[in-house]
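Biologist: I would like to learn how to read helix packing and charge pairing in a model. Can we start with the helices?

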Amino acid sequence: MTLYFAVVSFILGSVFGSFINCFAWRITHHESILKGRSHCAVCGHTLDALDLVPIFSWLFLKGKCRYCGEKISPRYVLTELLLGVAFLLSFICFGFRWDTLRLMALSVALLGLSLVDLEIQEIPDGFIIYGIILWAVTLPLMDDSVKALWQGLLSGVLIGGGILLISLVMDKVLKKESLGGGDVKLLFMISLYMSPLAALFNVVLACILGLLFVAALKSEKIPFGPSISLASFVTLLVGEKLAAWYLGLF
(Lines give C-alpha, C1' and ligand atoms only; values in the text may rest on other atoms or scores of the structure.)
Protein backbone atom coordinates (compact mmCIF):
# COMPACT_ATOMS: atom_id res chain seq x y z
CA MET A 1 0.00 0.00 0.00
CA THR A 2 2.86 2.36 0.77
CA LEU A 3 4.40 1.79 -2.66
CA TYR A 4 0.98 2.28 -4.27
CA PHE A 5 0.41 5.63 -2.57
CA ALA A 6 3.98 6.70 -3.38
CA VAL A 7 3.31 6.10 -7.08
CA VAL A 8 -0.06 7.85 -6.83
CA SER A 9 1.66 10.81 -5.14
CA PHE A 10 4.13 11.18 -8.01
CA ILE A 11 1.40 10.90 -10.65
CA LEU A 12 -0.80 13.40 -8.82
CA GLY A 13 2.15 15.78 -8.51
CA SER A 14 2.90 15.57 -12.24
CA VAL A 15 -0.75 16.32 -13.02
CA PHE A 16 -0.74 19.38 -10.78
CA GLY A 17 2.63 20.33 -12.29
CA SER A 18 1.01 20.43 -15.72
CA PHE A 19 -1.88 22.46 -14.32
CA ILE A 20 0.20 25.05 -12.47
CA ASN A 21 2.53 25.46 -15.46
CA CYS A 22 -0.46 26.33 -17.65
CA PHE A 23 -1.83 28.55 -14.88
CA ALA A 24 1.45 30.48 -14.59
CA TRP A 25 1.81 30.78 -18.37
CA ARG A 26 -1.65 32.30 -18.66
CA ILE A 27 -0.88 34.81 -15.93
CA THR A 28 2.33 35.97 -17.61
CA HIS A 29 0.66 36.15 -21.03
CA HIS A 30 -2.47 37.89 -19.76
CA GLU A 31 -4.86 35.11 -20.71
CA SER A 32 -7.92 34.11 -18.71
CA ILE A 33 -7.22 31.44 -16.09
CA LEU A 34 -10.90 30.55 -15.80
CA LYS A 35 -11.87 29.81 -19.38
CA GLY A 36 -10.38 28.68 -22.65
CA ARG A 37 -8.77 25.35 -23.53
CA SER A 38 -5.06 24.63 -23.54
CA HIS A 39 -3.33 25.43 -26.82
CA CYS A 40 0.07 25.43 -28.46
CA ALA A 41 2.04 28.50 -27.45
CA VAL A 42 3.35 28.87 -31.03
CA CYS A 43 0.55 28.00 -33.47
CA GLY A 44 -2.37 28.38 -31.08
CA HIS A 45 -3.94 25.03 -32.02
CA THR A 46 -6.19 23.60 -29.31
CA LEU A 47 -4.58 20.60 -27.65
CA ASP A 48 -6.31 17.23 -27.40
CA ALA A 49 -6.30 14.89 -24.43
CA LEU A 50 -3.37 12.89 -25.85
CA ASP A 51 -1.30 16.09 -25.95
CA LEU A 52 -1.87 16.77 -22.26
CA VAL A 53 -0.72 13.57 -20.55
CA PRO A 54 1.92 14.74 -18.03
CA ILE A 55 5.51 13.79 -18.93
CA PHE A 56 4.56 11.08 -21.46
CA SER A 57 3.05 13.43 -24.06
CA TRP A 58 6.25 15.49 -24.20
CA LEU A 59 8.36 12.32 -24.49
CA PHE A 60 6.20 10.62 -27.12
CA LEU A 61 5.99 13.81 -29.19
CA LYS A 62 9.78 14.17 -28.86
CA GLY A 63 9.37 17.68 -27.49
CA LYS A 64 7.55 18.99 -30.57
CA CYS A 65 4.04 20.23 -31.26
CA ARG A 66 1.96 17.60 -33.07
CA TYR A 67 0.33 20.29 -35.22
CA CYS A 68 3.03 22.76 -36.22
CA GLY A 69 6.21 20.81 -35.48
CA GLU A 70 7.74 23.59 -33.36
CA LYS A 71 9.76 22.65 -30.31
CA ILE A 72 7.91 22.54 -26.98
CA SER A 73 9.86 24.11 -24.14
CA PRO A 74 11.36 21.51 -21.76
CA ARG A 75 9.88 23.69 -19.01
CA TYR A 76 6.66 21.68 -19.35
CA VAL A 77 8.11 18.27 -18.65
CA LEU A 78 10.52 19.64 -16.04
CA THR A 79 7.75 21.27 -14.00
CA GLU A 80 5.72 18.06 -14.17
CA LEU A 81 8.70 16.01 -12.99
CA LEU A 82 9.62 18.55 -10.32
CA LEU A 83 6.21 18.66 -8.71
CA GLY A 84 5.87 14.89 -9.05
CA VAL A 85 9.08 14.49 -7.05
CA ALA A 86 7.92 17.13 -4.55
CA PHE A 87 4.67 15.23 -3.91
CA LEU A 88 6.59 11.97 -3.61
CA LEU A 89 9.06 13.42 -1.08
CA SER A 90 6.19 14.90 0.90
CA PHE A 91 4.61 11.47 1.19
CA ILE A 92 7.92 9.77 2.04
CA CYS A 93 8.69 12.27 4.81
CA PHE A 94 5.24 12.60 6.39
CA GLY A 95 3.33 9.52 5.28
CA PHE A 96 -0.40 9.31 5.90
CA ARG A 97 -0.78 12.63 7.72
CA TRP A 98 -2.44 15.97 7.11
CA ASP A 99 1.04 17.50 6.90
CA THR A 100 1.51 15.62 3.63
CA LEU A 101 -1.53 17.11 1.92
CA ARG A 102 -0.69 20.53 3.35
CA LEU A 103 2.84 20.51 1.94
CA MET A 104 1.61 19.18 -1.40
CA ALA A 105 -0.95 21.98 -1.68
CA LEU A 106 1.64 24.57 -0.70
CA SER A 107 4.26 23.24 -3.12
CA VAL A 108 1.85 23.81 -6.02
CA ALA A 109 1.70 27.51 -5.14
CA LEU A 110 5.46 27.75 -4.60
CA LEU A 111 6.12 26.30 -8.04
CA GLY A 112 3.50 28.54 -9.65
CA LEU A 113 4.83 31.78 -8.20
CA SER A 114 8.39 30.74 -9.07
CA LEU A 115 7.44 30.24 -12.72
CA VAL A 116 5.77 33.65 -12.84
CA ASP A 117 8.66 35.34 -11.03
CA LEU A 118 11.19 33.82 -13.42
CA GLU A 119 9.32 35.18 -16.42
CA ILE A 120 8.13 38.64 -15.35
CA GLN A 121 10.05 39.24 -12.08
CA GLU A 122 6.84 39.59 -10.12
CA ILE A 123 5.04 37.50 -7.49
CA PRO A 124 1.26 37.90 -7.81
CA ASP A 125 -0.51 38.57 -4.51
CA GLY A 126 -2.94 35.75 -5.28
CA PHE A 127 -0.29 33.15 -4.47
CA ILE A 128 0.46 34.83 -1.15
CA ILE A 129 -3.22 35.02 -0.23
CA TYR A 130 -3.66 31.36 -1.18
CA GLY A 131 -0.75 30.40 1.08
CA ILE A 132 -2.14 32.34 4.05
CA ILE A 133 -5.62 30.87 3.60
CA LEU A 134 -4.16 27.36 3.30
CA TRP A 135 -2.21 27.87 6.54
CA ALA A 136 -5.29 29.11 8.40
CA VAL A 137 -7.64 26.42 7.08
CA THR A 138 -5.26 23.53 7.82
CA LEU A 139 -4.12 24.87 11.20
CA PRO A 140 -6.79 22.96 13.18
CA LEU A 141 -5.62 19.72 11.53
CA MET A 142 -2.08 19.97 12.91
CA ASP A 143 -0.98 17.83 15.87
CA ASP A 144 -0.61 20.85 18.19
CA SER A 145 -2.62 23.61 16.53
CA VAL A 146 -2.23 26.10 19.40
CA LYS A 147 1.56 25.83 19.32
CA ALA A 148 1.56 25.98 15.52
CA LEU A 149 -0.57 29.14 15.67
CA TRP A 150 1.61 31.18 18.01
CA GLN A 151 4.85 29.91 16.50
CA GLY A 152 3.64 30.71 12.99
CA LEU A 153 2.50 34.21 13.88
CA LEU A 154 5.75 34.88 15.74
CA SER A 155 7.82 33.60 12.81
CA GLY A 156 5.82 35.63 10.29
CA VAL A 157 6.18 38.86 12.25
CA LEU A 158 9.86 38.37 13.05
CA ILE A 159 10.97 37.24 9.61
CA GLY A 160 8.57 39.30 7.52
CA GLY A 161 9.01 42.43 9.63
CA GLY A 162 12.76 41.96 9.99
CA ILE A 163 13.33 41.45 6.27
CA LEU A 164 11.11 44.43 5.46
CA LEU A 165 13.10 46.65 7.83
CA ILE A 166 16.43 45.46 6.42
CA SER A 167 15.26 45.97 2.83
CA LEU A 168 14.10 49.54 3.60
CA VAL A 169 17.48 50.36 5.13
CA MET A 170 19.34 48.81 2.20
CA ASP A 171 17.14 50.74 -0.24
CA LYS A 172 18.29 53.97 1.41
CA VAL A 173 21.94 52.94 1.45
CA LEU A 174 22.07 51.57 -2.09
CA LYS A 175 19.57 54.13 -3.43
CA LYS A 176 17.76 51.38 -5.32
CA GLU A 177 15.38 48.54 -4.57
CA SER A 178 17.29 45.80 -2.77
CA LEU A 179 14.43 43.32 -2.33
CA GLY A 180 11.06 43.21 -4.04
CA GLY A 181 7.87 43.61 -2.07
CA GLY A 182 6.67 40.24 -3.34
CA ASP A 183 9.73 38.55 -1.81
CA VAL A 184 9.01 40.12 1.58
CA LYS A 185 5.37 39.00 1.43
CA LEU A 186 6.46 35.51 0.39
CA LEU A 187 8.87 35.23 3.33
CA PHE A 188 6.11 36.36 5.69
CA MET A 189 3.64 33.86 4.28
CA ILE A 190 5.98 30.88 4.28
CA SER A 191 7.24 31.68 7.80
CA LEU A 192 3.71 31.10 9.11
CA TYR A 193 4.30 27.40 8.48
CA MET A 194 7.52 27.29 10.51
CA SER A 195 8.95 27.74 13.98
CA PRO A 196 11.13 30.86 14.42
CA LEU A 197 14.27 28.70 14.30
CA ALA A 198 13.22 26.96 11.10
CA ALA A 199 12.12 30.28 9.55
CA LEU A 200 15.55 31.77 10.24
CA PHE A 201 17.21 28.69 8.75
CA ASN A 202 14.97 29.10 5.72
CA VAL A 203 16.13 32.68 5.10
CA VAL A 204 19.78 31.64 5.31
CA LEU A 205 19.21 28.71 2.95
CA ALA A 206 17.30 30.92 0.49
CA CYS A 207 20.21 33.39 0.40
CA ILE A 208 22.71 30.58 -0.21
CA LEU A 209 20.59 29.16 -3.03
CA GLY A 210 20.18 32.64 -4.48
CA LEU A 211 23.95 33.10 -4.61
CA LEU A 212 24.37 29.68 -6.22
CA PHE A 213 21.77 30.56 -8.87
CA VAL A 214 23.55 33.85 -9.58
CA ALA A 215 26.87 32.04 -9.99
CA ALA A 216 25.37 29.27 -12.14
CA LEU A 217 23.46 31.64 -14.41
CA LYS A 218 26.29 34.19 -14.42
CA SER A 219 23.82 37.00 -13.87
CA GLU A 220 24.02 39.92 -11.47
CA LYS A 221 20.28 39.94 -10.87
CA ILE A 222 17.83 37.05 -10.80
CA PRO A 223 14.36 36.68 -9.25
CA PHE A 224 14.56 35.69 -5.58
CA GLY A 225 11.18 33.93 -5.49
CA PRO A 226 12.43 30.56 -6.83
CA SER A 227 15.26 30.50 -4.27
CA ILE A 228 12.84 31.21 -1.44
CA SER A 229 10.42 28.59 -2.73
CA LEU A 230 13.03 25.85 -3.05
CA ALA A 231 14.52 26.68 0.34
CA SER A 232 11.05 26.70 1.90
CA PHE A 233 10.21 23.26 0.55
CA VAL A 234 13.49 21.84 1.88
CA THR A 235 12.96 23.56 5.23
CA LEU A 236 9.43 22.24 5.61
CA LEU A 237 10.73 18.74 4.85
CA VAL A 238 13.86 18.58 7.02
CA GLY A 239 14.61 22.14 8.20
CA GLU A 240 13.71 21.60 11.84
CA LYS A 241 16.06 18.61 12.09
CA LEU A 242 18.91 20.38 10.28
CA ALA A 243 18.57 23.52 12.41
CA ALA A 244 18.52 21.47 15.62
CA TRP A 245 21.54 19.48 14.44
CA TYR A 246 23.46 22.67 13.65
CA LEU A 247 22.71 24.22 17.05
CA GLY A 248 23.74 20.97 18.69
CA LEU A 249 27.27 21.50 17.40
CA PHE A 250 27.78 24.41 19.80
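Modeller: Two packed helices are described by the angle between their axes and the distance between the axes. In this predicted model, the axes of helix H6 (residues 145-174) and helix H7 (residues 181-191) come within 7 Å and cross at roughly 165°. Angles over 145 degrees count as roughly antiparallel, so H6 is roughly antiparallel to H7. Their crossing is right-handed.

Biologist: Which residues in H6 meet H7?

Modeller: On the H6 side they include Gly152, Gly156, Ile159, Gly160 and Ile163. On the H7 side they are Val184, Leu187, Phe188 and Ser191. By class, the contact has seven nonpolar, six polar and no charged residues.

Biologist: Now the charges. How many salt bridges are there?

Modeller: Side chains of opposite charge can pair when their charged atoms come close. Here the count is five salt bridges. In one of them, Asp125 pairs with Lys185, with the closest N and O atoms 2.8 Å apart. Asp125 lies in helix H5 (residues 125-138) and Lys185 in helix H7, so the pair ties together parts 60 residues apart in sequence.

Biologist: How exposed are Asp125 and Lys185?

Modeller: Asp125 is partly exposed, at 41% relative accessibility. Lys185 is partly exposed too, at 38%.

Biologist: Which helices does the salt bridge of Arg75 and Glu119 tie together?

Modeller: The two side chains meet at 3.1 Å, N to O. Arg75 lies in helix H3 and Glu119 in helix H4 (residues 98-120), so this pair links parts 44 residues apart in sequence.

Biologist: Which residues are linked in a network of salt bridges?

Modeller: Arg97, Asp99 and Asp143.

Key: Residues numbered from 1 in each chain as written. Predicted model: local features only at pLDDT ≥ 70, side-chain atom pairs only at ≥ 80, totals over all residues. Heavy atoms only, no water. Axes fitted to C-alpha atoms, helices over the stretch in contact; angles between N-to-C directions. Helix = DSSP H or I, 4+ residues; strand = E, 2+ residues; numbered from the N terminus. Parallel < 35°, antiparallel > 145°, perpendicular 65-115°, else oblique. Left-handed = near helix turned anticlockwise from the far one by under 90°. Contact = heavy atoms within 4.5 Å. Nonpolar A, V, L, I, M, F, W, Y, C, P; charged D, E, K, R; others polar. Salt bridge = Lys/Arg side-chain N within 4 Å of Asp/Glu carboxyl O. Buried < 20%, exposed > 50% of the residue type's maximum accessible area, 1.4 Å probe, protein only.
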